Amino acid sequence: MKKILKKIFITLLVLIFAGAAAFYLGWVQFKVSTDACGVLISKTSGVYPKVIEKGVFCWRWEPLIPTNARLLTFKLKPQSFSKSISGTLPSAEVYAAQIKGTPDFAYSFGLTISLAFTKSALLKKAGNSEITSDDDLYAGLEHIADRIAEKVAQYLITESAKDPAAIAINRDTEQVLSAIGLEDGSLDGAEITAILIKDAKIPDLNLYNRAKQTFLTFQDYVDEALTKSAQHQADTILSDNRAVSRLTQIGETLKKYPDLAEILKNGDSADFINSLNAASTGSAE
């Protein structure tokens, strides 16, 4: 009897430990830290359709099978990126040369952009193996931040052209998002939480446009002058070609009528040629 009870006790212990181990292995939420979330991917079920979060109970059977499942964890909090955008307006050096003092048409902006991927985006990107770690997540967000910074810079330059006095460094994030065409606050699965314009240097766009117009006017004048010069050269070449043609004809005539050469030697060649021209004209009439 004692042996039977001992076997039952041992069996119960084994079952309890096996059950505890199974519960632990399948309790995926336990493996996720407070400031992160997880994406469960398995060979048998693919991507689990919900992110795994701390404090939200989730037990799955897929991790019970060895090498069947893996849990990818990612930080939930938004990442902040400091971005500097600088450059010059199109053809700035050419246009600046038209204005006394050669003004500077360079611009620069300092921005801080905070954003994070939405939970649905994390599921999609992790499932497609676009991101597998926090390093991948950070790189993906930074790429989006670069694109946003360029859009903000273009927006500020455009606004400055309308009213230079209206450009303010402290701007509401929603206002900026709306202005650059991101009303929903998302871009490629990212949610933008803040855009801070720290500093902005924008050239005098009125002066730039004046310099541009001056250059274009000068270019039109140059084009017109070149056209007239080309026409004059064409007329000169045409006149020279006609003269050469006449001399060629006279040479052929002298070869055909050698006696005319003696006449040219004894008389005024210019009068003789003029007489030939007059005769040719008269016969043509």
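Biologist: What share of the contacts in the protein chain with a separation of 6 or more comes from residues 24 or more positions apart?

Modeller: Such residues account for 73% of those contacts, where a contact means heavy atoms within 4.5 Å. A word on the basis: this is a predicted model, where local features need pLDDT of at least 70 and side-chain atom pairs count only at pLDDT 80 or more, while totals for chains, interfaces and linings use all residues. Residues are numbered from 1 along each chain as its sequence is written, and side-chain values use heavy atoms, with hydrogens and water left out.

Biologist: Thanks! How do you know whether lysine 125 is buried or exposed?

Modeller: Buried means under 20% relative accessible area, exposed over 50%, and partly exposed in between (1.4 Å probe, protein chains only). Lysine 125 has 9% relative accessibility, so it counts as buried. Beyond its neighbours within four places in sequence, lysine 125 is in contact with Phe117, Glu130, Ile131 and Asp188.

Biologist: What makes a run of residues a helix or a strand?

Modeller: Both are DSSP runs numbered from the N terminus: helices are H or I with at least four residues, strands are E with at least two. By that rule the protein chain comes to eight helices and eight strands.

Biologist: Why is a set of residues called a nonpolar core?

Modeller: The name applies because its members are buried Ala, Val, Leu, Ile, Met, Phe, Trp, Tyr and Cys residues joined through side-chain atoms within 4.5 Å. The largest one here has 49 residues, and Phe74, Phe105, Leu115, Phe117, Ile148 and Val152 touch the most other members. Helix H4 (residues 134-162) gives this core its largest share, eleven residues. Another core, of seven residues, lies apart from it and includes Ala36, Leu40, Tyr48 and Cys58.
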